[in-house]
Amino acid sequence: IKRVTTHVIQEMKTRGEKISCLTAYDYSMAGIVDAAGVELILVGDSASNVMAGHETTLPITIDQMIYHAASVVRAVKRALVVVDLPFGSYQGNSREALSSAIRIMKESGAHAVKLEGGLEIKDSITRILSAGVPVMGHLGLTPQSIYKFGTYTVRAKEEAEATKLLEDARMLEEVGCFSVVLEKIPSSLTKLVSESISIPTVGIGAGPHADGQILVIHDVLGINKEFKPRFLRHYADLNTIMNDAITNYIKDVKSSSFPNEKESY
Ligand code: KIV
Ligand code: NA
C-alpha cells in the first residue's frame, strides 16, 4: 500500500480532489477507518471529550495524547496520522512547543502535529517546522480557547475576525504548514480562504468549499446520540446497534442460552 504523505494531500488540492479525514483514538477503530480509505486520520484532543468524558479538551495531557497516538499508528497502514498538541504543551514558548512536538513524533510514530491558533503561535509553528515536523494549522473555533470565546457558536461572522482569520491562514501557508483546519466558520469565508491559499483547507462545520472535510468518528457513527449540531451527518446508528447487541447478550446469559455446547470446551 502506498502511504499518504503531506505531498499527496497537497497534490489532491492541486487537482481538485476532496480530502477525506476522520479522527481515531485507538487501535481497533483506527484500523477500520484506515482500511476504509480516508487520507488523513487525526488523533484529536477531542479524545478528552469522547474517550475520557471531559466537558472540554483542556484536561488531556501530552502523555495521554501519546498513548492514543501510538495506538492509532500501530493500526494504520495508509493514512497520514496527525496528532493534536494538547492545551498547555505549546503556548508557553517555542522551545516548549518544539519539545512537545518531538515527544509526540518520537514516542508515537505519528507523521505530523496540529496546533490551534494563528499569529500568536507563529514562533512555535516555525520552530517545529524547522525541525522537520509537518504542521497542520487550526483556525476559527479553536476549542482549547473555549473559556475565552464563552460558547461553541460559529466564529468569524464579523469583518474584523474574518480578516484576522484570512491573515492567519496566509501566515500559516507562508511559514510552511501543509494544511489548515477551519472549524465552524461561515461557508463564504471558507471559500475565500480556500481560494486565497495554496495549501489544503480541511473543514468542520465550515461548509462545502473546504478542500477536505473532517468529523469526529464517534459522531459519524452515531455512538453518542445527544451531540447533534447542524454541521454533523450521522452515517450510522451504532448506539442502537450496540445497545441491541448488548441487550441480546444479557438476555442469553440470563437464560443460560450462552454459551451453548459448541461454544464450550
Ligand atoms: O480534536 C479534534 O477532533 C479536532 C478536529 C475535529 C478538527 O481538532
Ligand atoms: Na482538536
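Two strands are said to pair if DSSP finds at least two bridges between them, and helices (H or I, at least four residues) and strands (E, at least two) are DSSP runs, numbered from the N terminus. In these terms, valine 113 has valine 135 in β5 as its bridge partner. The model is predicted, and local features need pLDDT of at least 70, side-chain atom pairs count only at pLDDT 80 or more, and totals for chains, interfaces and linings use all residues. Residues are numbered from 1 along each chain as its sequence is written, while chains are lettered from A and ligands numbered from 1 in the order in which they are written.

**Domains**

- The domain assignment, where bounds come from an automatic or database domain assignment, gives domain 1 as 6–234 and domain 2 as 237–265.
- Between the C-alpha centres of domain 1 and domain 2 the separation is 38 Å.

- Strand β4 (residues 112–114) is joined to β5 by two bridges, and the two strands run parallel.
- From β4 the chain passes through helix α6 (residues 122–130) to β5 in a β-α-β crossover that is right-handed, a term that applies if, with the strands pointing away from the viewer, the path from the first strand over the helix to the second runs clockwise.
- Strand β5 is mostly covered, six of its six residues being buried, where a residue is buried if 20 or more other C-beta atoms lie within 10 Å of its own, exposed if 12 or fewer, and partly exposed in between, with C-beta atoms placed from the backbone.
- Strand β5 (residues 135–140) and β6 run parallel and are joined by five bridges; across this pairing histidine 138 stands opposite valine 181, and leucine 139 stands opposite leucine 182.
- Strand β6 (residues 179–183) is likewise described as mostly covered, with five of its five residues buried.
- Ser179, Val181 and Glu183 point one way from β6, whereas Val180 and Leu182 point the other way, and all are buried.
- On to strand β7 (residues 201–204), β6 is joined by four bridges in a parallel arrangement, and valine 181 has valine 202 in β7 as its bridge partner.
- The chain crosses from β6 to β7 through helix α9 (residues 187–196), and this β-α-β crossover is right-handed.

- Strand β1 (residues 19–23) is mostly covered, since four of its five residues are buried.
- With strand β8 (residues 212–215), β1 pairs in the parallel sense over four bridges, and isoleucine 19 has glycine 212 in β8 as its bridge partner.
- With strand β2 (residues 40–43), β1 pairs in the parallel sense over three bridges, and threonine 23 stands opposite leucine 42 in β2.
- A right-handed β-α-β unit is made by β1, helix α2 (residues 27–36) and β2.

**Surroundings of ligand 1**

- Ligand 1 is surrounded by Thr23, Leu42, Gly44, Asp45, Ser46, Asp84, Val181, Glu183, Ile204, Ile214 and Val216, where a residue is near a molecule or strand if its C-beta atom, placed from the backbone, lies within 6 Å of it.
- By class, this shell has five nonpolar, three polar and three charged residues, with Ala, Val, Leu, Ile, Met, Phe, Trp, Tyr, Cys and Pro counted as nonpolar, Asp, Glu, Lys and Arg as charged, and the others, Gly among them, as polar.

- Glutamate 173 lies in helix α8 (residues 159–175) and is partly exposed, with 18 other C-beta atoms within 10 Å.
- The C-alpha atoms of glutamate 173 and isoleucine 197 are separated by 6.6 Å, although these residues are 24 residues apart along the chain.
- Helix α11 (residues 238–254) has 17 residues and reaches 24 Å from its first C-alpha to its last, close to the 24 Å expected at 1.5 Å a residue, the expected span being 1.5 Å times one less than the number of residues.
- The number of buried residues among the 17 of α11 is zero, so the helix lies largely in the open.
- Methionine 242 has its place in α11 and counts as partly exposed, with 13 C-beta neighbours inside 10 Å.
- From methionine 242 to valine 180 the distance is 34 Å, C-alpha to C-alpha, and the two are 62 residues apart in sequence.
- Just after α11, serine 256 takes a positive phi of about 60°.
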